[in-house]
Amino acid sequence: MKIEIFIENCRKKIDKALDSYLPKEKEYPSVIHKAMRYSVFSGGKRIRPALLLAACQAAGGDVKKAMPAACGIELIHTFSLIHDDLPSMDDDDYRRGKLTCHKKYGEAIALLAGDALLNLSFQLFAKSDPKIAVRIIETASKAVGTRGMIGGQVVDINSKEKDPGLPTLQYINTHKTGALIAASLKIGGIIGGASENKIQRLQKYGEYLGVAFQIIDDVMDSQGYAEIFGDKGAMREAARLTQKAKKEIKVFGKKAEVLEGISDHLLRRTI
Ligand code: GRG
């Protein structure tokens, strides 16, 4: 199957599941549910949940069982974007060509919508098989915490006015972007019943891919890596990391094809 078709099929299934897990807009107190749905359904690519489902499939698992966790990861991602756009952080008026959550619903509701999405994500992780639910919750909470995404965001905020230098930039990329992507892969492997070695390979694949993903984002926004190494140098580094990522999942043999395809697809992305 062409990788673009796999991703599009995943996107449709994920959107349907997200719709079923999110409170309906009309549910009281309506404004918060509207705000949550506004940001969740505003055109995200659903790359992280697609990676989680692909990891589960590579491990030989049933992807239907991975759907709540895949949606949980997307809700965490959406929470991070809503908070990142707030006036106290990046102060952005638009995301994905639409008004940001706080521009549409006000700052207080946007803050709460982000909090609510993070909380709902853990409710979804808890739907997993009781034998693995605690491990999934632990993996996700670590990826969001100060040793993961939030740590990366703090360092990013603190280095806004100055040139961060390469080691700090690498810390930001591995934590702010890489941690959640790596956790998506690891959780997919856990749900798919992969061996400990294979779970580790998936996590490593996710770590390399996460940094490559951020570098490509930098090239599109002419910042970070692209500022230091130029567009060509940055893309060369993204391609090198993608190769390293693919090496990690060689142990899956033919079952790694979809994950390999997604990493190549991300290298070609323009949005
Ligand atoms: C506020 C706790 C907290 C963290 C914020 C993730 C993040 C940290 C900030 C978002 C801003 C940003 C540029 C993050 C880097 C990760 C990244 C490239 C996000 C965009 O991901 P895509 O391209 O987004 O998957 P879509 O729109 O497709 O969902």
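How many cavities of 30 Å³ or more does a search of the whole structure find? The search finds one. A cavity here is a set of points, on a 1 Å grid over the protein atoms alone, where a 1.4 Å probe fits but cannot get out.

The model is predicted: local features need pLDDT of at least 70, side-chain atom pairs count only at pLDDT 80 or more, and totals for chains, interfaces and linings use all residues. Residues are numbered from 1 along each chain as its sequence is written, and side-chain values use heavy atoms, with hydrogens and water left out.

**Stop 1: the cavity**

Select S39, S42, D85, R95 and R96, which lie nearest the centre of the largest cavity. The space in this cavity is about 110 Å³, a volume being the space filled by probe spheres set on the grid points, joined across faces, edges and corners. Its lining has 13 residues, each with an atom within 4 Å of a point.

Next, colour α2 (30-40), α4 (63-85) and β2 (98-99); each supplies at least two lining residues. Helices (H or I, at least four residues) and strands (E, at least two) are DSSP runs numbered from the N terminus. The largest share, four residues, comes from α4. By class, the lining has five nonpolar, four polar and four charged residues. Ala, Val, Leu, Ile, Met, Phe, Trp, Tyr, Cys and Pro count as nonpolar, Asp, Glu, Lys and Arg as charged, and the others, Gly among them, as polar.

**Stop 2: α3 and α12**

Select residues 47-58 (α3) and 257-268 (α12), whose axes come within 9 Å and cross at roughly 155°. Axes are lines fitted to C-alpha atoms, for helices over the stretch in contact, and angles run from 0 to 180 degrees between N-to-C directions. The two helices are therefore roughly antiparallel (over 145 degrees). Show side chains for the contact (heavy atoms within 4.5 Å): I47, A50, L51, A54, A55, Q57 and A58 of α3 meet V258, L259, I262 and L266 of α12. Of these contact residues, 10 are nonpolar, one is polar and none is charged.

Terms used:
Parallel < 35°, antiparallel > 145°, perpendicular 65-115°, else oblique. 1 Å grid on protein atoms, 1.4 Å probe; cavity = no way out; pocket = protein on both sides within 12 Å on 5 of 7 lines; lining within 4 Å.
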